[in-house]
Each structure stands twice: as structure tokens, then as C-alpha cells.
Amino acid sequence: MTLDYVHLGDLTAGRLKQYKLVLFPYPLMLPEASAAVLRAYVEGGGTLVAEARLGWNNERGYAADRIPGLGLWEVMGCREAAIQTGDKGRTVLYWSGTEIPGMKAGDALPARWFEETLEPIGPSARVVAKFADGTAAAVMSSFGKGKTLMLGSYLSAAYVTDPSEPAERFYAG
């Protein structure tokens, strides 16, 4: 398995085509041109995993009226229904899906900062994790020939400071 880091400035359809999976951590600000590239990548068969508040702001700092912004709510198969900061900046996503190898119902994935409640949109969108209050914390969907997973918090930030066995299985899967 090869792991690459692709800078937003180098994000092109040709560059992404070589990857089976794109993981987009902390995607708050996104250049408008990147949204079209991500859309084409997924539509063509790629898999996109994004953390909370995808495309909230564009490169000029303008906030989206619907999140994921820049039309990516269609690609991700969901939209933000509510947002709050987790207690002391921490939260947990309780996994319920079976689509990711190694993950099982009840796995607790530590996360940071936001609890973004997600609302599935479209027939292929389904909730695969919930927050402690029962609201949707992750939505898996399909778009074109590809797949998406929208996470309602920041698993990557939690993993950096406090790696957990369920998070290791999540990233391995």
C-alpha cells in the first residue's frame, strides 16, 4: 500500500485518478475549483472520505449556505442538519455499519471538536455511525461509480493525540 499527500494546489482529475481512496482531513476551507475535481473523482469510481464541515468556506472565506459546501452535499449524499462543539472538544462516533473491513457494530471512534449531525440525502445514503445522543455522525453513500463516507467530526485529530485500536482498524479498513 502506498500513501501520498496531495496538496490542494496539485489537486487535478488526472492526479487523483491513480488513487482508490482519498481521505480529506479537516476540510473546512476548499478552493472552488477543487470541488469539481473531487466530484469527478468520485463520479468516475473513486472513494472519498471527508471529515466534518467539508467545504464550509471557499478560498475567499465565503461560507456555504449548505454544508458540505460547493455542491459536495450531492456527492457525499448528506447535508449538515446541526452543529455543536463536543464537550471539552471531544466526542465519540459509535459505529453501526458493516461495510468497512475490521469495523463492527458498537466500535467507539474517538473524535475531536465538532459534532456535526448529518442528514442522509438520496436512496443510497445510510447512517453508519451515531453520536451518544443518537444523531447521525457518519453517512456512507455512492455517487456515480464511486463511494463516499462523510464523518461528522475529526477522527484524525483524535488519533494523533490518542490512538485507539478501533481507530486503527478504521484506518486500516
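Predicted model: local features only at pLDDT ≥ 70, side-chain atom pairs only at ≥ 80, totals over all residues.

Now select α2 (32-43).

Next, color the buried residues of α2: Ser34, Ala35, Val37, Leu38, Tyr41 and Val42. Turn the view to look down the axis of α2; its buried residues fall within an arc of 165°, so they line one face of the helix. What do they pack against? Show α1 (13-16), β1, β2, α3, β6 and β7 (146-151), and you have the partners of the buried residues of α2.

Stay on Leu38 for a moment. Leaving aside residues up to four places away in sequence, Leu38 touches Leu11, Leu16, Phe24, Leu30, Leu48 and Leu72.

Time to zoom out to the largest nonpolar core, which has 23 residues. Pick Leu16, Leu38, Leu54 and Met76, the members that touch the most others in this core. At least two core residues come from each of β1 (21-24), α2, β2 (47-50), α3 (72-76) and β6 (136-143). Which of them gives the most? That's α2, with 5 residues.

Apart from this core lies another one, of 18 residues; select Ile100, Met140, Leu155 and Phe170, which are among them.

For the last stop, go back to the region just after α2 and click Gly45, which takes a positive phi of about 120°.

Notes. Residues numbered from 1 in each chain as written. Heavy atoms only, no water. Core = buried A, V, L, I, M, F, W, Y, C linked by side-chain atoms within 4.5 Å. Buried < 20%, exposed > 50% of the residue type's maximum accessible area, 1.4 Å probe, protein only. Helix = DSSP H or I, 4+ residues; strand = E, 2+ residues; numbered from the N terminus. Contact = heavy atoms within 4.5 Å. Arc of directions from axis to C-beta.
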